[in-house]
Amino acid sequence: MTDIKNDIALYIHWPFCERKCPYCDFNSHVSDTVDQAHWRDALLSELAHFAAETQGRRLTSVFFGGGTPSLMAPATVAALLDAAADHWQAATDLEVTLEANPSSAEQGRFADYRHAGVNRLSIGVQSLRDEPLAFLGRVHDAAQARAAMKVAKAVFERVSFDLIYARPHQSVADWQVELGEVLAMSGDHLSVYQLTIEPGTAFFREGVAGADEDRAVELFEATQEILEAAGFLAYEISNHARPGAESRHNLTYWRGGDYVGIGPGAHGRITPGAHGRITPGAHGRLASPTTFEATHQIHDPARWLELVGEHGHGTAKRRQLSPTERAEEMIMTGLRLTEGLDTKALAALSGLSFDDLVEPGRLRELTAGGFLDAAAGRITATAEGRLRLNAILARLLAPEAGA
Amino acid sequence: MTTDLSHIRNFAIIAHIDHGKSTLADRMIQICGGLTEREMKEQVLDSMDIERERGITIKAQTVRLEYKASDGETYILNLMDTPGHVDFTYEVSRSLAACEGSLLVVDATQGVEAQTLANVYLAVDASHEIIPVLNKIDLPAAEPERIKEQIEEVVGIDTDGALNISAKTGDGVAAVLDSLIERLPPPQGDVKAELKALLVDSWYDPYLGVMILVRVQDGVIKKGMKVRMMATGAAHQVERVGVFRPKTEMVDQLGPGEVGFITAAIKTVADTSVGDTITDDKKPATEPLAGFLPSVPVVFCGLFPVDTGQYEDLRDSLEKLHLNDASFHFEAESSAALGLGFRCGFLGLLHLEIVQERLEREFDLDLITTAPSVVYRIHMSDGSMRELHNPVDMPDPTAIDFIEEPWIKATVMVPDQYLGSVLQLCEERRGEQIELTYVGNRAMAVYRLPLNEVVFDFYDRLKSVSRGYASFDYELLDYAAGDLVKVTLLVNAEVVDALSFMVHESHAESRGRAICEKLKDLIPRQLFKIAVQAAIGGKVIARTTVNAMRKDVTAKCYGGDITRKKKLLEKQKKGKKKMRQFGNVEIPQSAFLAALKTGE
């Protein structure tokens, strides 16, 4: 059983890519040569730094994200997993996910990652059509994607595919066919994202337009319908899984649990100390066991490497979140989940009740409007509510207009 | 020492915007050596940035020139520069009262415009000697002979002695100065009589305090003497006496016929009454000079800070601006849609725009202006009458007997190819034709129009139907009863007070519909659908619906995204300061702001 106060997740960021995709606003960099040993040592050093503050906790998941972590040497992955198992108590069902690209070179390493301890592979398929793959700036084509999907399924018990839809000029009919082909090859998990044009990306600069509201809704609803009929239930806005195959790592984010984030630009949320023991917190101050801190590692890979060399970690920002901030984060992420927000967990982790944060009138208005359901111990966004979650969160958490 | 009356000439310049009045004034100052070459900036007299940018004169200005005429004698020429816009007609008439003659400057490529006419008639009323001056003769398109004919036909004054000049090159300007001395009568006055000086204007100077522009009729005004304002009865010690050349220069005294300024430890401009007669406190005159009617605001609107936190700043700024321009009025107003602000009265739409622009520019304020409204006279069933400056204050219609609205006499001059559209516009705006005459290929249409139709968007429409070739002027005529109604705008059944307006019944539905449609496009989609309605009392005359939003959700939200998502939320929280709540609907102020911009 999970114990949200004791469990901890680990995120490891590998910032390098073969090329930068035009829709991506993640911390990724293109570099021809990466000194694997140097990077392995630095990541190990930062891992040890955060592990020292969270000793004795149970490690439930590890996630290698990027960037393109399937460019990591399998030995680097193995070294990090061995160290993590030494620092914490690894859960018997520890979930270890690695994000991979479907290029042929990377397919060749899938088995090595499996031997290194990775037990779940998440492949950035994005599409099974050549034209949109080229538009999205991907290195691979549809044939390579299909090949990678086959190899992954042969090597790993748990496989997830990432897809991007609501692309320019994409019709619902075309998407239904493409999604059907993905389902025919799928593992137990799918992440389907509508294309969003984020500031700072090439698409944004080029003025690429995403789908208009009506088409976006149509595509979203068609997606829900097809995936549900195929047994892939939506457990989050963009995530679908066969029952029991949900990503445990991502659930930790959405349920408000602790996670350590290492590598350039990684974010973390940690409660320093373990089992109520008072341990020295960051910067030598004493942290109480209820302290919840947000950590953010320095963004630039070269600078991060340098800082880790000097201090053992590359923390750029670290600050304590107030109970209100923590509760707001839990509401923001909890309502993304089909299971909704566990109000008992909210009270246990933040010390605040839902009513402390949200005017009862607002909740009544949104439940009456068919956007939220409030049952004993849970507040859930309905399907209609999840579609409009940004507006709902603004209504719940922002004060009265003009105030 | 006072100047001999025979060596003084006081004159004004009358011209339409852009016909070269200020350039001519600059050239005259240059010829008379009032400023060094280095000090000469283009259009010296338009001292405010806005004046210089827009090429218009807002405040009357004055300058004392010393000119050695062709007869070898040196004369004092007092130039009163006048504003060229209808909103400032009261300033023009004040300046004219302090002079004996006027130069009528007409652009030789453009001809007579509506504003020229209005100001010439003011000068004729003031018994001025008028010298026509044809400007811009250096331009190839200049047709001075044709324009002279036009002046004779339209304005009805003799152009035999008209002068052809180019203020830009300076050609003919000296002849204008000579002609002023030859043709204008010297001022009349008695240096030994009791002091009588006309209070022409007053304004606030940051260094010298309140400055009073005077034209002495009889007697002498001296530094140190105690003067009395005949209308208000207030007495003040004169601290400084001076003239503008155009820089201020202190003198000991001003005698009959002279124009200059005094300061007298007066706190605010509002303590001086323009048109008042200044006399000697010890030896007062018995009869005051003929004064002028005080200026009365005719256009009202609400001014609100975009950032509600700037209310106090707005108050301070209005007070400061009022020190210099007592002709606008303001009082506190509270609006559910826009928060705290002020109801302000102006001399006209340009005056409104100028005050708004100065507040934004000189005081760095971000403002929302509500739709301009005129002053209605509400006659109640009980026989009483009240003036309505703000549609919000409209009494219950059942207690109203009838409503009167102000009417104007509007003069439009336009090339004949656009006449049809101009006449159509005037008819649409409930106009009644008084006169229609042609001069060459230009037509002059005189209409009786309700002022409320003009403040709506008449200028913009006129400009667009005439491609900018029409010129327009008006004077207030009278009040007349009309079928006027108050239209209210409702968002989800709640009244948006800032958007209510008064309108003639025949236009209520179309205006109501237009603003509903506009709001529909301006209000962002929200969780719930929003009904937008226009109503007269309880009766809905137009309605639209803003459909509910269908989708607004972030696709990805993992570890690092949470922090970003939170920043988005913080931004939304901040953005709410610029939102107004209507039931469960939040409307950005920018939507009201855009809806208030009348006309398409």
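Colleague: At what angle do helix 6 and helix 7 of chain A pack?

Modeller: Helix 6 (residues 142–155) and helix 7 (residues 172–185) of chain A pack at about 30°, with axes 10 Å apart. This is a predicted model: local features need pLDDT of at least 70, side-chain atom pairs need 80 or more, and totals for chains, interfaces and linings use all residues. Residues count from 1 along each chain as written, chains are lettered from A and ligands numbered from 1 in written order, and side-chain values use heavy atoms, without hydrogens or water.

Colleague: How are the axes and helices defined?

Modeller: Axes are lines fitted to C-alpha atoms, for helices over the stretch in contact, and angles run from 0 to 180 degrees between N-to-C directions. Helices (H or I, at least four residues) and strands (E, at least two) are DSSP runs, numbered from the N terminus.

Colleague: Parallel or antiparallel?

Modeller: Helix 6 and helix 7 of chain A are roughly parallel. The cut-offs: under 35 degrees is roughly parallel, over 145 roughly antiparallel, 65 to 115 roughly perpendicular, the rest oblique.

Colleague: Which residues meet there?

Modeller: A:Arg146, A:Met149, A:Lys150 and A:Lys153 of helix 6 meet A:Glu181, A:Val182 and A:Met185 of helix 7. Contact means heavy atoms within 4.5 Å.

Colleague: And helix 15 with helix 17 of chain A, at what angle do they cross?

Modeller: Roughly 155°, with the axes coming within 9 Å. That makes helix 15 and helix 17 of chain A roughly antiparallel. A:Arg362, A:Glu365 and A:Leu366 of helix 15 touch A:Ile392, A:Arg395 and A:Leu396 of helix 17.

Colleague: Switching to rings. How many aromatic pairs over all chains?

Modeller: The search finds 22. Rings of Phe, Tyr and Trp (its six-membered ring) pair if their centres lie within 6.5 Å; planes under 30 degrees apart are stacked, over 60 edge-to-face, the rest tilted. One of the pairs is A:Phe371 with B:Phe528, edge-to-face, 5.6 Å centre to centre and 70° between the planes.

Colleague: Why does that pair join two chains?

Modeller: A:Phe371 lies in the loop between helix 15 (360–368) and strand 18 (372–375) of chain A, and B:Phe528 in the loop between helix 11 (505–522) and strand 31 (530–536) of chain B, so the pair joins two chains.

Colleague: Are A:Phe371 and B:Phe528 buried or exposed?

Modeller: Both A:Phe371 and B:Phe528 are buried. Buried is under 20% relative accessible area, exposed over 50%, partly exposed in between (1.4 Å probe, protein chains only).

Colleague: Which charged end sits over A:Tyr193?

Modeller: That of B:Lys556, 4.5 Å from the ring centre. The test is NZ of Lys or CZ of Arg within 6 Å of the ring centre and within 35 degrees of the ring normal.
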